[in-house]
Amino acid sequence: MALQTQTKTETLVRVENLRMLYPVSTGIFARARSFIHAVDDVSFDIKRGEIFGLIGESGCGKTTTGKLLVRLITPTSGHIYLRVTQDPSTDSQGEQFVDIATLEGRALKEFRRNVQMIFQDPYESLNPRMTIFDIVSEPLSIHGIGSVYEREERVAELLSLVGLTPPESFLFRYPHELSGGQRQRVAIARAMILNPSFIVADEPTSMLDVSIRTGVMNLMLDLREEFGISYLYITHDLAVARYMCDRIAVMYLGKIVELGPTEEVIQNPLHPYTRALISAVPIPDPTVERQPIEIKGGVSKPIDPPPRCRFYERCPIATERCAQSDHPPLEDKGHGHFAACYEI
Amino acid sequence: MQAAPTFKPAEAIWRVRLQLFWRGLKSSWAMFAESKIGLTGLGIIIFFAIFGALWPAYPWLMERLAWTPEELEAARNVPYGAISSIYQVYDPVTGYDPLIPGIENPTPPSRRHPLGTNQFGRDILAQLMASTSSEFMLGVLAALITVFIGTFIGAITAYYGGFVDTFFMRVADVFILFPLVSFLIVLGSMIELTLIKLAFVLGILYGFGQITVILKSQALAVKVKPYIEAAKVAGGSHFHVIFRHIIPNLLPLSFLYMMFNVTGAIFSEAALSFFGLLPGIKVSWGIMIDSAHSGGYILGGRSFQNWWLWMPPGIAITLLCSAFYLVGRGLDEVVNPRLRKR
């Protein structure tokens, strides 16, 4: 059901072989011997105005991927190319790809105008000692944009944009005076105030009441329509992913195992893990009998994974080949639908 | 979905901020006022503040309330010619009452000396009042320095971690285990410890110790909040994150520990003065007890015969120290929501 209204041809973000290894600490002086492969050789691209979903269970590396894309953490290796305008006065012809994986100092700060993040917990992502005005205008003051009155005007504009009207009644209130949905709208306003081209949304609705989730999701879709923002939408909720995303990627232990248009992946899952994930979604009809897909065991930690398919231990269709060869690469199975499995 | 038609700010921002600050103060006061111990402590502090502030008016008051015209006349005429005020020649803190023969000192409480005089003829009440402001200044200054250091170092160690953290935590260990009294004896022999110097020394000694560890643990809890990450994503520097996000969230706790540190500083001064280790300080409550002690008036079962020598400063120290502690306990309920009854 994802909205397919714009022609999304222009690639905005291209991620190539992104890898994030965390050393498992063994002591102060000993060099780390083991690494958690939080994000392991992940590649995908996001088009302008596209909502790209990243789904998977806890600990599969979705949040780490999101934080890498906004450079909250620096990747171990790999590239993140972002199309940025070199000169604000020129149009899209003046844009070029910049590898943000290695940016530092001033260049990194400049880059941060283009990419923002919305966090999962609206109760913890707003500083309780700051007013809504201070919170939303913080990026402006960090980048030294505008006078105090211009900022106030801009914040008021943004607040009415995210549906907090009238803005005057919200400007000088504290986060604890607001509901969860209102707080998340404030967080969205803060993410929007620098006019970013790309927003990483890390499960923005998972902490909200079901009754106000749709409101926040529709707001994000409206902002996409109006400003052509691209999202990386991280979620574990397939229904949310189906509502929001144009394309989704399924992650398992730091690897993307399946990637494709949302409807295609959900209607026609290829990878055994995706199938299991989709079969776990309850159907609100007691008469429907559904054959669950058998997978064994539980999710483990990707500490120094052996060179075979990451899903081998739990896979119902694993063969000798899966144990012998390295983790399978993402292969095109038609219609832009990619899966990483030797057996399909 | 266009923006609101030309937003007109209702009021200037600084005015709004002032109102917010005032509102926050009022709601904090409402919470604080619920705790009886906090109010008790505040009451005692206000009492001592007025008590100390009245010191400049002491001669004026005493001449009108305690001295009879005949006594004033007699005192004026004893050694000197005609003078306007007896206190021009009689300093109650360091001098002696011209009408009391030296041999009679210490005298018990009387009309002209409500709390008596000590063995040198010095008025106890006058000494008590004269010391109050410096006790306040010492306590508050030392606590401010302590909390300033603790907040800053705590925030920095929590934020940067690694080597900075290890270094300042080992420094804290050293300062916690520091033999304060022995150190001050040595220091007092090297430099003349005045009130200000003592406040700085105490502030630094306490500041790098316990309070850094306490505030660091609080800062660690603040550091992992997503709003810190949000500030970093927006491009905030380390400086920005520490001063805009971490320290403001430490301040309530810092303020709370400031109250406890006032107690510690006043108590330390009293203890050190009692041992006669602070020659740079001429009059203080601790020195009053010390002079009673060194005069031999609180030894050999004679303490209660000469109770006015040591009881007023002793009670003053106890009351003021516990008052700041009680205010701290009251603030604790404002700062730590878990302690609130509701």
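Q: Where does A:Leu253 lie in chain A?
A: A:Leu253 lies in the loop between β9 (247-252) and β10 (255-261) of chain A; helices (H or I, at least four residues) and strands (E, at least two) are DSSP runs, numbered from the N terminus. This is a predicted model, in which local features need pLDDT of at least 70, side-chain atom pairs count only at pLDDT 80 or more, and totals for chains, interfaces and linings use all residues. Residues are numbered from 1 along each chain as its sequence is written, while chains are lettered from A and ligands numbered from 1 in the order in which they are written.

Q: Why does A:Leu253 count as buried?
A: A residue is buried if 20 or more other C-beta atoms (placed from the backbone) lie within 10 Å of its own, exposed if 12 or fewer, and partly exposed in between. A:Leu253 has 24 such neighbours and is therefore buried. Its phi is positive, about 45°, although A:Leu253 is not a glycine.

Q: What makes A:Asp304 exposed?
A: A:Asp304 has 12 other C-beta atoms within 10 Å, so it is exposed. Its place is in the loop between α10 (272-279) and α11 (320-324) of chain A. A:Asp304 also has a positive phi, near 40°, in a residue other than glycine.

Q: Why does A:Lys47 count as partly exposed?
A: The count for A:Lys47 is 19 C-beta neighbours inside 10 Å, so it falls in the partly exposed class. A:Lys47 belongs to strand β2 (residues 34-47) of chain A. Its C-alpha atom is separated by 6.7 Å from that of A:Val13, 34 residues apart along the chain.

Q: What makes the peptide bond from A:Thr165 to A:Pro166 cis?
A: The omega of this bond from A:Thr165 to A:Pro166 is near -5°, and the bond is cis. A:Pro166 is found in the loop between α4 and α5 (168-171) of chain A.

Q: Why are α5(B) and α13(B) called roughly parallel?
A: The axes of α5 (residues 124-160) and α13 (residues 307-335) of chain B cross at roughly 25° and come within 11 Å. Angles under 35 degrees count as roughly parallel, over 145 as roughly antiparallel, 65 to 115 as roughly perpendicular and the rest as oblique; α5(B) and α13(B) are therefore roughly parallel. Residues meeting there include B:Leu128 and B:Gly139 in α5(B), and B:Trp308 and B:Phe324 in α13(B).

Q: Why are α5(B) and α9(B) called oblique?
A: The helix α5(B) packs against α9 (residues 210-223) of chain B at about 45°, with the axes 7 Å apart. The two helices are therefore oblique to each other. Among the residues making this contact are B:Gly150 and B:Ala158 of α5(B), and B:Leu215 and B:Ala219 of α9(B).

Q: How many residues of chain A are in contact with chain B, and what makes a contact?
A: Two residues are in contact if their C-beta atoms, placed from the backbone, lie within 7 Å. On that basis, 32 residues of chain A are in contact with 24 residues of chain B. Within chain A, β6 (115-118), α3 (132-143), α4 (148-161) and α7 (210-227) each supply at least two residues of the side that touches chain B. The largest share, seven residues, comes from α4(A).

Note on methods. Axes are lines fitted to C-alpha atoms, for helices over the stretch in contact, and angles run from 0 to 180 degrees between N-to-C directions.
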